[in-house]
Amino acid sequence: MAANENTSFFQLAGPDDNVLFFSGPPQTITGIIPVVNISSEDQKIRSITIKSNKLRGAGGVPLSEIPFRARLRGGQQANLRARLPVDPLTPPGSYEFEVTIGSRKLPAVAHIPEVIDLRILPGEITIVASPKTSSYTRSVVAENRGNVSLLTGNQCEVPVFEITTLTSAVLNGLSKGDRESKDSMVKAALTELADLKVGTLVIKRKAMAISPGQKVAVDIEFELPAELKPQRRYSASLSLYNANLKIEIYTTAKSQLGSRKQK
């Protein structure tokens, strides 16, 4: 016989004092629901009724059911894994609700943790440094895809490194050492590696709080260090929560960063 989709053929299983537990970030809140097929035929179940005063689905619509797809043989009992399709911006906390299958109801609780998910686009900024300018402004879009507000300060500092291969740096250092002295060559190689850090990039922006689901355009000012040399490539990386913004800096042939004026 073809499988039937009538949920009256199913019943919640387990003891009467059982409490169902769901957990996970909003996109993947899962839990186990014990279900039994009380008929003698194979049956399909496509949804499970729930009742909640606080849980909302996508678009803020009250959550009333869990879409489901399972097939049980006649008389079969199984612990079925179910996912709550809640709004991805649901704040962290514990939410009580009720699950109904057939004539039985069981209390349930969903525990939702904090989700920090900041996105920054573009993920890479390129600056071609002019000899007369030490400050550059670029715009990015920041989006909070998590479920808690994210605070950002108005200034931070990150180290700037010259881009070169590790092998090149070591070889350059070794060539500067005294070949008659191993200690001198090792010291010169280590000095060359240390010199890859050339200064500090000062990053300024407007302090703000980004709410869950909010997307904002942000102007960021980059103040370059005066130690940059001409015709070089440098890199810096800004980490903000889980997001990372890479900054690539190229200097021109006549760069004299120590004499630059603010722009």
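**Notes on the model: salt bridges, strands and a cavity**

1. Let's start with a charged pair: a salt bridge joins the side chains of E143 and R145, at 3.3 Å from N to O. The term means a side-chain nitrogen of Lys or Arg within 4 Å of a carboxyl oxygen of Asp or Glu. E143 counts as buried because its relative accessibility is 18%, while R145, at 38%, counts as partly exposed. Here buried means under 20% relative accessible area, exposed means over 50%, and partly exposed is in between (1.4 Å probe, protein chains only).

2. Before going on, keep in mind that this is a predicted model, where local features need pLDDT of at least 70 and side-chain atom pairs count only at pLDDT 80 or more, while totals for chains, interfaces and linings use all residues. Residues are numbered from 1 along each chain as its sequence is written, and side-chain values use heavy atoms, with hydrogens and water left out.

3. How many salt bridges does the structure hold? There are eight. One of them joins the side chains of R232 and E162 (3.0 Å, N to O). R232 sits in the loop between β16 and β17 and E162 in strand β13 (residues 155-162), so this pair ties together parts that are 70 residues apart in sequence. Strands here are DSSP runs (E, at least two residues), numbered from the N terminus.

4. Next, look at E248 and R233, whose closest N and O atoms are 2.9 Å apart in a salt bridge. Is E248 buried or exposed? E248 is buried, with a relative accessible area of 1%, whereas R233 is partly exposed at 35%. Salt bridges with shared partners join R233, K246 and E248 into one network.

5. Now for strand β2 (residues 20-23): L20 and F22 make up its covered face, F21 and S23 its uncovered one. As a general point, side chains in a regular strand alternate between the two faces of the sheet. F21 counts as partly exposed because its relative accessibility is 48%.

6. Which strands does β2 pair with? With β8, β2 pairs in the parallel sense over four bridges, and S23 has H111 as its bridge partner there. With β3 (residues 29-37), β2 runs antiparallel, joined by two bridges, and F22 stands opposite G31. Two strands count as paired if DSSP finds at least two bridges between them. β2 and β3 also form a hairpin with five residues between them, and G24 in the turn has a positive phi of about 130°.

7. β7 and strand β8 (residues 104-112) pair in the antiparallel sense over nine bridges, with T100 opposite K105 in β8. These two strands form a hairpin too, with two residues between them, and G102 in the turn has a positive phi of about 65°.

8. Last, the inside. The search of the whole structure turns up one cavity of 30 Å³ or more, and the largest cavity has a volume of about 130 Å³. Of its 14 lining residues, T152, R205, V218, I220 and L240 are the closest to its centre. A cavity is a set of points, on a 1 Å grid over the protein atoms alone, where a 1.4 Å probe fits but cannot get out; lining residues have an atom within 4 Å of a point. The volume is the space filled by probe spheres set on the points, which are joined across faces, edges and corners.

Key:
On a 1 Å grid over the protein atoms alone, a cavity is a set of points where a 1.4 Å probe fits but cannot get out, and a pocket is an open set with protein on both sides within 12 Å along at least five of seven lines; lining residues have an atom within 4 Å of a point.
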